[in-house]
Every structure is written in C-alpha cells, then in structure tokens.
Amino acid sequence: MASHHYFICFLVMVSLMIRISESKACHPNDLKGLTDFKAAIHSDSSGRLKNWIGQDCCNWPGISCNSETGRVVEINLPGYYDAGDEFAPFFVSNTMSGSISPSITLLTSLESIDLSRLIGLTGQIPPSIGVLKNLKKLTLQNNQISGALPESISNLTNLEFLNLENNLLTGSIPENIGNLQALQELYLSNNSLTGKIPFSITKLHSISGIFLAQNQLVGEIPLPLNPGQWSSLQHLRLENNRLTGIIPPSVGYLTSLLRFSVANNQLTGPIPSTIGNLKYMQQLMVNNNQLSVVLPNSICGVTQLDVLFISHNKIVGPLPDCLSFFKYLREVDVPFKRLN
C-alpha cells in the first residue's frame, strides 16, 4: 500500500516538473521588450500578437530563441508570410498599425528583425537601435516609418542585410555607415533622404548591392579610389536623385558590376572609357543627365549588355557599330538608333 502511495507521489512530481518546464519564462528584458512592442501595435490583422500570452515568449508566433541561452534571437512578423507548412505552403498578407517601441532594444541577443510590408507601421526607428550588436538582418521595408536614420545604426558591425526602402525616411545617411563592414546589401530607395552620400560607403568591402534610388541625395558619386574595394558589388542603383559632377573613371574598378543606374540626375562630363572594364555588366542606365561627348568605343567590350539607356543627354556623334552585334541587347534608348 505504501509503495502505491509513493508511486502516486512520484507521478504528481513528474507532472509538476513537466508543467514547470512547459511554462518556462523567458529573460525579463526580452519579455519586457516584446510586451512593450505588442502594446505599441494598435491592430494586427493576422492575429499573431493576440497569441502573445504567458511568459514563455519563445513559443510565441514569430519569435525564435537560442536553444542554449533561451534569449530571443529573431522577431519574424512580415506582412506577407507563409502560414502553412513545408507540405502545404499557404501565403497570406496582413497589416499592422502602430509604431516600433524603443523597448525593442532590450532584446540584446536579437540577430534578425523582419517587420516588412506591414503597411501601417509608423513612427521612427528607435535611436538606440545601435545597442543590438548581434543584429545581422534588419528588414522594415514597405511601411510608413519616418524620421531620420539613427546615427547609432553605424554601430551594427555584424549587420549583413539592411532594407529600409519604401518608407518616409528623411535626413541624411549616417556619416559612419562605412563601419558596417559585414554589410552585403543596402536598400534605402524610395524615401526622402537628403544630403551627400558619405564617402565612408566605399569602405563596405563585403557589399554586393547598393540601392539608393528615388531620394533627394546631392553631391558627387562616391566610388572607391582603389581597385578591390567593391570587388563583390553587382548592383549600384542611384537613379532619380540630384547628384552632380562626373561619372568617376574609377567605375572601371567595379569589375563584378551587373547593373549601373545613375539616370535622372544632373551629371556632366563624358561616359568614362573605363566602362569597358565592366565585362559582366547587363544594364547601363545613364539617361536624363547632362553627359557629353560620345559613347566610348570601349563599350564594345561589354558584350553582356541587355539594357542600354543613354538618351536625353548631350551625347553627339555616331554610336559604335559593335552594338549591332550584341546578342543580348533587348532594351535600347539612345539618341541615335542605328541597331538592326
């Protein structure tokens, strides 16, 4: 009889232990940060946030934690996402209205934040965002985020992916953006950014894509002064700004470049002959500027071209005959169309 009593006590203890493990609370700072984040969101059409209950935030929708430390490492709440599983993907679109609580910076182990395409997300990027030293991905595009880019964003030295395009950002690009040595892709297009593009951007040795189009940026195009600095750069999109000066001859150092667009600016001078060094370039868009002289014959070496826009400039003289033999060329907007 006694053994039976002990067995029942044992089962009760095991049950309690299971319940305790299942109701494990997350780190107080993480819990505070996420609770404040939820409070700053006024509506969520997906219903994900209404399931943020209890204290085990690692089991909340859109939240991932490190299995060893228990700290939150990911906030994944995009406006367009897969609500199904690997066998039956089911993509849905939702919106959130509200702002990003500054308390989000309490989650100091964060590696990824994806709050993209929520449409109704307003307010500013928290000025203290730079304390998230482990952050590798920050994705806030297609919202209504306003204000300036925080200077502290330059402290995110582990950041690999930054996408803030299609928002209402104003002010200038942080002067020390070149500190982001791990950055591979930079998306700031379709905002209202002003001022010059900081020369420190040339220090981004890991960069493969720079997208700064459709802002109000002024000044000259900053390009590396030495070969090898942007050795992985494939996309340089600077169109629809107010840039002045020339296209620097050092553009020829960007030998991995696939797409180069500086259309709709106020650039002057010639198209440099060093453009012929860009053997892999597929799209060259320099239209709607004040460029002069002739299209250099060195363009004959850029045989992968499929888009060539150079109209609405001061370019004179005949186009190189070699363009007639470019087998990939499909979109042409030039002052003299001599192609067969």
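## Aromatic pairs

Trp60 is buried, with a relative accessible area of 5% (buried means under 20%, exposed over 50% and partly exposed in between, for a 1.4 Å probe and protein chains only). Trp52 is also buried, at 4% relative accessibility. The model is predicted, so local features need pLDDT of at least 70 and side-chain atom pairs count only at pLDDT 80 or more, while totals for chains, interfaces and linings use all residues. Residues are numbered from 1 along each chain as its sequence is written, and side-chain values use heavy atoms, without hydrogens and water.

Four aromatic pairs are counted (ring centres of Phe, Tyr or Trp, the latter by its six-membered ring, within 6.5 Å; planes under 30 degrees apart are stacked, over 60 edge-to-face, the rest tilted). Trp52 and Trp60 are stacked, because their ring centres lie 5.2 Å apart and their planes meet at 20°. Phe161 and Tyr187 form a tilted pair, with 5.7 Å between centres and 45° between planes. This pair joins distant parts of the chain, since Phe161 belongs to strand 11 (residues 161-163) and Tyr187 to strand 13 (residues 185-187), 26 residues apart. Phe161 is partly exposed at 22% relative accessibility, whereas Tyr187 is buried at 16%. Ring pairs also link Phe37, Trp52 and Trp60 into a cluster.

## Helix 2

Helix 2 covers residues 28-39, twelve in number (helices are DSSP runs of H or I with at least four residues, strands runs of E with at least two, numbered from the N terminus). From first to last C-alpha the helix reaches 16 Å, close to the 16 Å expected at 1.5 Å a residue (1.5 Å times one less than the number of residues).

The buried residues of helix 2 are Asp30, Leu31, Gly33, Leu34, Asp36 and Phe37. They pack against strand 1 (41-44), strand 2 (63-65) and strand 3 (72-76).

## Pro198

Pro198 sits in the loop between strand 14 (194-196) and strand 15 (209-211). It is buried, at 3% relative accessibility. Beyond neighbours within four places in sequence, Pro198 is in contact with Ile173, Pro174, Glu175 and Pro222 (heavy atoms within 4.5 Å). Ile177 is 21 residues from Pro198 in sequence and 7.5 Å from it in space, C-alpha to C-alpha.

## The largest pocket

The largest pocket has a volume of about 210 Å³. Its lining consists of Lys196, Ile197, Phe199, Gly219, Glu220, Ile221, Pro222, Leu223, Leu225, Ile246, Pro248 and Ser250. Eight of these residues are nonpolar, two polar and two charged; Gly counts as polar.

Key: 1 Å grid on protein atoms, 1.4 Å probe; cavity = no way out; pocket = protein on both sides within 12 Å on 5 of 7 lines; lining within 4 Å. Points joined across faces, edges and corners; volume = space filled by probe spheres on them.
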